[in-house]
2 protein chains.
Amino acid sequence: MSVKKIIDNLQKNIVLSKAEQDLLTEKFVFKKIRKKQFMLHEGMLAKDVAFVVKGCLRSYSIDQNGFEHILQFAPADWWITDMYSFISQKESTLNIDAILDTEAYLLSRKNLLALFDEIPKLERHFRILTENSLVGSQKRLIETLSLPAKERYRNFCNTYPTIAHIIPQKSIASYIGVTPEFLSKLRGNTGK
Amino acid sequence: MSVKKIIDNLQKNIVLSKAEQDLLTEKFVFKKIRKKQFMLHEGMLAKDVAFVVKGCLRSYSIDQNGFEHILQFAPADWWITDMYSFISQKESTLNIDAILDTEAYLLSRKNLLALFDEIPKLERHFRILTENSLVGSQKRLIETLSLPAKERYRNFCNTYPTIAHIIPQKSIASYIGVTPEFLSKLRGNTGK
DNA sequence: GTAAAATCTTAATCTACATTAAGTCCGTTT
DNA sequence: AAACGGACTTAATGTAGATTAAGATTTTAC
């Protein structure tokens, strides 16, 4: 079963006994999310964090003018949620939906916090996970402030090689912060 | 002594016994960093994380064209380091220097990791700290992608009310991602 | 399998912000 | 107190990327 993928992910940072592995896996709920279906709607509470084993989810906000801005893609082996809502349990500002047919394991905030107390070293894994997310977010922020669109596109392709040629280009445009028309022009130039 | 400020900061998320407080505080090193002095140079290792008790530090990168991009300000009660270098112990991509005469307590990576093992609940505090930083970084990323410069300036003033009128305007411009000339024009419009 | 809808491309025009440059107002240094 | 460099302003000109619009191509739905 693909529960193993979660265990493998956790064991990147910590070692878990068989008993601990069992305790963990029974808290995850398997779910299929078909293309265009939502895992989280803006204004709801982010009850769960998802670990994707197949397909791809994305998180995004919608601005005053109705434009989407994609914060994160989550292909296989990535974690995704609305961190703000998940940790504060206040209304989310993000939407999360599937851009491909997706399979994921969901873990509720309540169960995660309970697991932190039952398996203290689990807290280490999620601290490290969050540290790495922070570094990634800061790196992207600096890039957004300092690099022109063409290089941000190149960086996107390096960060998400597995989905760069599968997902719609307008999603990539929304992620790197340009219009689909402009991205189309950029790609036309280089022929890539 | 101002060590108390660190303890107060930590006790926002966890409760510490007197013994634990003592164990902690002896690991922190007090340091004065005068205006324009560096705490970290690009290419060095970020050995320490700093907790600022007075003044203000900033972290920033310098792009290919020599322009500065400020990632974070750290006035009193804020933590600051180059997270990438601090957690990976690879060469930093950021500089950290003082924009005001500053007093801070430094904690080395080595001592922090030792403390995580000696006081497991400390890991919780830093997980939560990192979670909040991540939420802040993601919020700013979305804002950078979706809001015009004028509103990003307003948001800066809300995030850093204590320093908005003390630090040079060119620093604010570098943080919100515009030239000093354009920020000057923005401010001229509203008279603020 | 075909119609409708969504996505992608191309091109003309427009705008938020950058660049350049010149001048003003500091706070420091000597 | 003069001289200096750094910070801020103003204004003319330049440009990366937005907007609008129209057609071409691919995907989805029935």
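## The surface near DNA strand D

Which element gives the most to the surface near DNA strand D? In this predicted model, that element is α8(B), with 6 residues. Around DNA strand D there are 15 residues, and those that come nearest are Val178(A), Phe182(A), Gln169(B), Ser184(B) and Gly188(B). Two or more residues each come from α8 (180-190) of chain A and from α7 (169-176) and α8 (180-190) of chain B.

By residue type, this surface near DNA strand D divides into 6 nonpolar, 4 polar and 5 charged.

## Where the two chains touch

Let's turn to the protein partners. The contact takes 27 residues from chain A and 27 residues from chain B. On the side of chain B that touches chain A, β5 (68-75), α3 (83-88) and α5 (120-146) each supply at least two residues. Of the elements there, α5(B) gives the most, with 18 residues. The residues on this side of chain B divide into 12 nonpolar, 9 polar and 6 charged.

## The open sheet of chain A

Chain A has an open sheet of 4 strands in the order β2-β7-β4-β5, with antiparallel pairing. β2 (38-40) and β5 (68-75) stand at the edges with a single partner strand each, so one side of each has no neighbour in the sheet. On average, and with direction ignored, neighbouring strands are turned by 25 degrees against each other.

Within the sheet, 7 bridges join β4 (residues 56-62) to β5(A); in one pairing, Leu57(A) has Ala74(A) as its bridge partner. Helix α7 (residues 169-176) of chain A packs on the sheet, touching β4 and β5 of chain A, at about 110 degrees to the direction of β5(A). From the other chain, α5(B) also packs on the sheet and touches β4 and β5 of chain A, its direction making about 130 degrees with that of β5(A).

Methods
Residues numbered from 1 in each chain as written. Chains lettered and ligands numbered in written order. Predicted model: local features only at pLDDT ≥ 70, side-chain atom pairs only at ≥ 80, totals over all residues. Contact = placed C-beta atoms within 7 Å. Nonpolar A, V, L, I, M, F, W, Y, C, P; charged D, E, K, R; others polar. Near = placed C-beta within 6 Å. Pairing = 2+ DSSP bridges. Axes fitted to C-alpha atoms, helices over the stretch in contact; angles between N-to-C directions.
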